[in-house]
Amino acid sequence: MYYVRLTHDSVCWQRGIGLRRFYADEIACVPAPIARFLLFARLATLHTHDMKGYIMSTSITHAIERITPPASEPVTLAETKNYLRVEHTTDDALITLMIVAAREAAEAYLGTSFITQRWKMTLEDGLPERVTLRYGLVQSIVSIVEKTEAGGSTTLDTSAYRLSIDKRAVHIVSPRTGFHFEITYDAGYGATASLMPGLIRQGILQHVAAMYEQREMSVPMPAMALQAYHPYKEISL
């Protein structure tokens, strides 16, 4: 477990047991943006505070797994070839791979699922009051299951939780401790590309074009794609 102290201009951490005050010669510090990232990513949760800063604890860890991939891509092979002005079929397999790569890169960059897909998040040691669900927008919570160390399981009643207004988190009525919890949910703009923002689809085409031009799957997102994604990028404050 790590304990974190947030001040006005830095974040400091130390591995240890139990909450306590920190002193300058006992800790290491990094710039304040890291503190904001910790809070945003839920790697640290507010535990207590005083006039000099905040002490947080990373007692709950989580893992994310895609259970069901999207049934289709945001842009079709035909649309992409038309954008690239490619009339032959020689590179169809390559372009298809590039579409998938560009979509996955955009989803990771925006932290958002595009075409409907199912995810499972596993949390160890407890279920806090608010759990940020990665790769929203969440359409629905399929289930929240509590697992015991002995192998048993209990599915929480739907009255025990609710989806947040922004569809990126679940609120737990009564936070609890336990061996681990599995939250399964469906996320995305919808079942078809027509439900997605046009700018995101345009950004994917621009990224594919950059990859195709350089014949390289690991080409960074071009500036035009980043500009297209910008309105949908959440900023941590």
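This is a predicted model: local features need pLDDT of at least 70, side-chain atom pairs count only at pLDDT 80 or more; totals for chains, interfaces and linings use all residues.
For the helix with which I begin, the expected span is 1.5 Å times one less than its number of residues. Good morning, colleagues.

Helix α4 covers residues 198–214, which is 17 residues. From its first C-alpha to its last, α4 reaches 25 Å, close to the 24 Å expected at 1.5 Å a residue.

Which residues of α4 are buried? They are I200, G203, I204, L205, Q206, H207, V208, A210, M211 and Y212. Against what do the buried residues of α4 pack? Their partners are three helices: α2 (77–84), α3 (92–110) and α5 (223–229). After α4 comes R215, and its phi is positive, near 55°.

I turn now to the charged side chains. In general, side chains of opposite charge can pair when their charged atoms come close. The count of salt bridges in this model comes to nine, and I shall present three of them.

The pair to begin with is R66 and E104, whose side chains meet in a salt bridge at 3.9 Å, N to O. This pair links distant parts of the chain, with R66 in strand β6 (residues 61–68) and E104 in helix α3, 38 residues apart. Both ends are partly exposed: the relative accessible area is 31% for R66 and 38% for E104. R66 and E104 also belong to a network of salt bridges that includes E73, R103 and E107.

Next, the side chains of D92 and K81 meet in a salt bridge at 2.9 Å, N to O. Here the link runs between two helices, D92 lying in α3 and K81 in α2, and the two residues are 11 residues apart. Are D92 and K81 buried or exposed? Both residues are buried. I would recall here that α2 and α3 are also among the helices against which the buried residues of α4 pack.

Technical notes
Residues are numbered from 1 along each chain as its sequence is written. Side-chain values use heavy atoms; hydrogens and water are left out. Helices (H or I, at least four residues) and strands (E, at least two) are DSSP runs, numbered from the N terminus. Buried means under 20% relative accessible area, exposed over 50%, partly exposed in between (1.4 Å probe, protein chains only). Contact means heavy atoms within 4.5 Å. A salt bridge is a side-chain nitrogen of Lys or Arg within 4 Å of a carboxyl oxygen of Asp or Glu.
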